[in-house]
Amino acid sequence: MAKGVWIITEQRYGTFRKVSFELASTARKLADELGEDVCAILLGSGIEGIAGELGKYGVDKVYVADQPIFEPYTTDAHAAAIVQLVKEYNPSILLLGASSQGKDLSAHLVGRLETGMATDCTDVNIVDGRLRAIRPMYGGKCFGEVAINASPQMASLRPNVFPVVERAREAVIVKFEPAIGPDQLKTKILEVRKTANGKADLTEANIVISGGRGMKGPENYAVLEELAELLGATVGASRAAVDAGWRPETDQVGQTGKVVSPKLYIACGISGATQHLAGMGTSKCIVAINKDPDAQIFAAADYGIVDDLFKVVPELTKEIKALVL
Amino acid sequence: MDIIACIKQVPNTDTKIRLKPDGSGIDEKSIEWVINPYDEFGVEEALRMKEKFGGEVTIVSLGPARAVKAIRTALAMGADRAFYINDPVFDGADAYMTAKALAAVIKTIPYDIIFCGQRAIDDDSGQVGAILAALLDIPQVTVATKVDVEGNFIKVVRPVEGAELLIESPLPCVITAHKGLNKPRFPSLPQIINARKKPVEVKDAATLGVSMDVKAEVLGTMPPSARPPGKIISGDDIATKAKELAKLLREEAKVI
C-alpha cells in the first residue's frame with residue numbers, strides 16, 4: 001500500500017528555495033494527520049551538505065542524489081531519478097512547488113507516473129485519509145476542490161501561500177545513485193541569462209508594487225522603483241502597461257501573466273480589471289492608489305487612497321523611510 | 001515540417017464567471033468562447049514555421065459541440081486540417097485524460113513539433129503539454145517565449161524566476177507557448193469562408209480506443225472567499241493620507 005508524504009525540494013546554486021520549506025512544513029502537517037513519515041527528494045550537484053536543513057522543517061528522511069547531471073535542472077534528468085524512487089517506495093502523496101521548475105517537472109511526472117495532480121494549490125488537507133486540495137480556477141474567479149483517484153496523489157503548491165513552520169527534528173540522510181543513461185537526457189541548457197539584477201522574481205517577492213495605465217508612460221515607473229528600492233520590493237505591471245510597451249512581458253501580473261501572492265501588493269494607477277485581480281487576488285495585504293474613486297481595484301483592496309499616485313507615492317516613500325530607517 | 005497545434009476553447013478573460021448554484025461547475029450561459037490565448041500563440045508559431053520551412057499544420061482539439069468554432073478559427077488563421085475529439089464521455093476530462101486522448105490521435109499522424117499552450121486559462125492546470133510529451137516519450141520544453149529551428153534541433157528561450165534559459169531539444173518535441181512568443185494574426189473574411197471547406201475529422205472514444213479515466217476529480221467549485229471591506233484612507237491632504245497608510249501598513253497589517 002502506498003505510504004508516506006513525499007516532497008520534491010528545489011534548490012539553486014546550493015541554496016534551498018523558500019518553497020522547499022513551505023513544502024516540508026505542509027507535508028509535515030499532512031503526515032501527522034495520517035500518522036506517516038515525510039520524505040524529501042533533493043537533486044543537484046555539490047548539494048549533499050544542505051540536506052540536513054530539511055529536518056528543521058519536519059522532514060524525517062531525505063533522499064539525496066548528488067551528481068553533475070542534475071545541475072542545471074533539466075526535466076529529463078530530474079524526472080528519471082524521481083520516477084525510479086517513486087516506483088520503488090510508492091508514496092501516497094507527492095508534493096512539489098508550483099514554481100517554474102516545479103510546474104515543468106510535476107506535469108511531466110503526472111504523465112510518467114500515470115496519475116493526477118491538483119496544480120497551484122492554495123490549501124491542502126486530509127479528508128478520510130485522502131488528499132483534498134483547494135485550487136484557484138478561471139484565474140481565481142472561483143476555486144475548485146480536487147481529489148486524486150490514483151497514486152501517488154500529486155499536488156503542486158502555490159509559492160508564498162503556505163506557512164513555514166520550524167520543528168526540532170533530525171532528518172535521516174539517504175544517498176542514492178539513480179541509473180540514468182545518456183540516451184535519457186535529450187534536452188540541454190545552452191545558456192542561463194540572469195535577468196533579475198539581484199531583485200526577487202515577482203512570483204517570489206515579499207512585496208510587489210505594480211503600475212498600470214495610470215502611470216502614463218515608461219519613464220514614470222521611477223517613482224515606483226524608488227519605493228521598491230526602499231522596501232526591497234519588485235516592480236510589476238498590469239496588462240495595459242505591458243501592451244502599451246512600457247514594461248516587458250515578464251513584468252505582467254494577471255490572468256495571462258504572472259500569478260503573485262506577496263505579503264504586500266501595492267497597485268498604483270491600476271483600474272482592477274478581473275484579468276489583473278486574477279493575478280494578485282491571493283496577496284495577503286492589498287493597497288490601491290488611484291485617483292478614480294470608482295476604480296474596481298478598491299473593492300479588492302485592504303487599504304485605499306483616492307488621489308494622484310504621482311503625489312501619493314513619493315509622499316508614502318518619505319513616510320515609510322521615516323518609519324523604518 | 002509536420003507541425004501539430006493542440007487547442008482548447010475557453011471563456012474569454014473578460015468574461016464574468018458565474019457558478020451553478022449546486023457548485024458543479026460554471027454557468028455557460030452568456031460566455032464568449034475563444035481559443036485559449038496561450039494555445040493561440042502555439043497556432044501562430046506553427047503557422048510561421050510552416051511559412052518558413054513548408055509543410056502542414058494540423059490542429060488537434062478535445063471539446064464539446066461548441067469547441068468546433070475554435071477549430072474553425074484556427075483553420076481560418078491558416079492551419080490545414082484538424083482532428084476534433086468530441087464525445088460526451090469525455091465531459092469532465094482531467095489533464096491526464098485529455099493528454100491521453102490527444103496522444104491517441106497524434107500517434108496516428110506524422111509530426112516534428114507539437115505546440116500546446118503553457119496552460120489553459122479556464123482550469124489553469126498547465127499540465128497537458130508535459131503529460132503529452134511523457135506519453136509520447138519525446139522531450140518537452142515548457143513556457144517558451146522564443147523558438148528557432150536549426151536542422152533537427154530546436155532552440156527555445158524559457159523564462160524562469162530571475163533568469164532566462166536557452167534550451168536545445170532534438171525534434172520531435174513538445175513546446176508549450178507563453179505570452180511574448182508572437183502576436184497571433186487575425187483571419188480575414190475570405191480566410192474564414194475558406195476555412196469552412198478544410199477537413200475536420202471527428203473522433204470519439206471508440207474510434208480512438210481510449211476509455212474515460214479521470215484521475216484528478218473536481219468535487220465541486222466555490223466562489224472565492226470575500227475579502228473584508230477595505231479602508232479608504234481619508235485626510236485633509238496627501239501628506240496626512242500617506243502618513244496614515246504607512247502607519248497602518250506598519251502597525252495594523254504588519255507588512256513593512
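## Basis of the description

A residue is called buried if 20 or more other C-beta atoms lie within 10 Å of its own, exposed if 12 or fewer do, and partly exposed in between, with the C-beta atoms placed from the backbone. By this rule, 48% of the 256 residues of chain B count as buried, while for chain A the share is 58% of 325 residues.

The structure is a predicted model, in which local features need pLDDT of at least 70 and side-chain atom pairs count only at pLDDT 80 or more, whereas totals for chains, interfaces and linings use all residues. Residues are numbered from 1 along each chain as its sequence is written, and chains are lettered from A and ligands numbered from 1 in the order in which they are written.

## Chain A as a whole

Chain A contains eight helices and 18 strands; here helices (H or I, at least four residues) and strands (E, at least two) are DSSP runs, numbered from the N terminus. Its C-alpha trace spans about 60 × 45 × 35 Å along the principal axes. The radius of gyration of chain A is 21 Å, which agrees with the value near 20 Å that a compact globule of 325 residues would have; this radius is taken over C-alpha atoms, and the globule rule is 2.2 Å times the number of residues to the power 0.38.

Two residues are in contact if their C-beta atoms, placed from the backbone, lie within 7 Å. Among the contacts in chain A with a separation of 6 or more, 65% are between residues 24 or more positions apart.

## Strands S7 and S11 of chain A

Strand S7 of chain A, residues 117–121, has five of its five residues buried, so this strand is largely enclosed by the rest of the structure. S7(A) pairs in the parallel sense with strand S11 of chain A, residues 153–157, over three bridges, where pairing requires that DSSP finds at least two bridges between the two strands. Within this pairing, A:Cys121 has A:Leu157 in S11(A) as its bridge partner.

The loop between strand S10 (142–148) and S11 of chain A holds A:Pro152, and the peptide bond that joins A:Ser151 and A:Pro152 is cis, with omega about -5°. In the loop between S11 and strand S12 (172–175) of chain A lies A:Asn160, which has a positive phi of about 80° although it is not a glycine. A:Asn160 counts as buried because it has 20 C-beta neighbours inside 10 Å.

As background, most residues other than glycine have a negative phi, and most peptide bonds are trans.

## Chain B

Chain B has seven helices and 14 strands, and its C-alpha atoms fill a box of roughly 70 × 45 × 40 Å along the principal axes. Of its contacts with a separation of 6 or more, 70% join residues 24 or more positions apart. Chain B is divided into domain 1 (2–208) and domain 2 (230–256), with bounds that come from an automatic or database domain assignment, and the C-alpha centres of these two domains of chain B lie 47 Å apart.

Helix H1 of chain B, residues 37–53, has 17 residues that should span 24 Å at 1.5 Å a residue, and its end C-alpha atoms are 24 Å apart, which agrees; the expected span is 1.5 Å times one less than the number of residues. Buried residues of H1(B) include B:Tyr38, B:Phe41, B:Val43, B:Leu47 and B:Met49, and also B:Asp39, B:Glu40, B:Glu44 and B:Glu45. The helix H1(B) is followed by B:Gly54, whose phi is positive, near 80°. Elsewhere in chain B, a cis peptide bond with omega about -5° joins B:Leu171 and B:Pro172, and B:Pro172 lies in the loop between strand S10 (163–170) and strand S11 (173–177).

## Where the chains meet

In the model, 77 residues of chain A are in contact with 69 residues of chain B. Helix H3 of chain A, residues 100–113, gives the most to the side of chain A that touches chain B, with nine residues. That side of chain A divides into 32 nonpolar, 24 polar and 21 charged residues, where Ala, Val, Leu, Ile, Met, Phe, Trp, Tyr, Cys and Pro count as nonpolar, Asp, Glu, Lys and Arg as charged, and the others, Gly among them, as polar.
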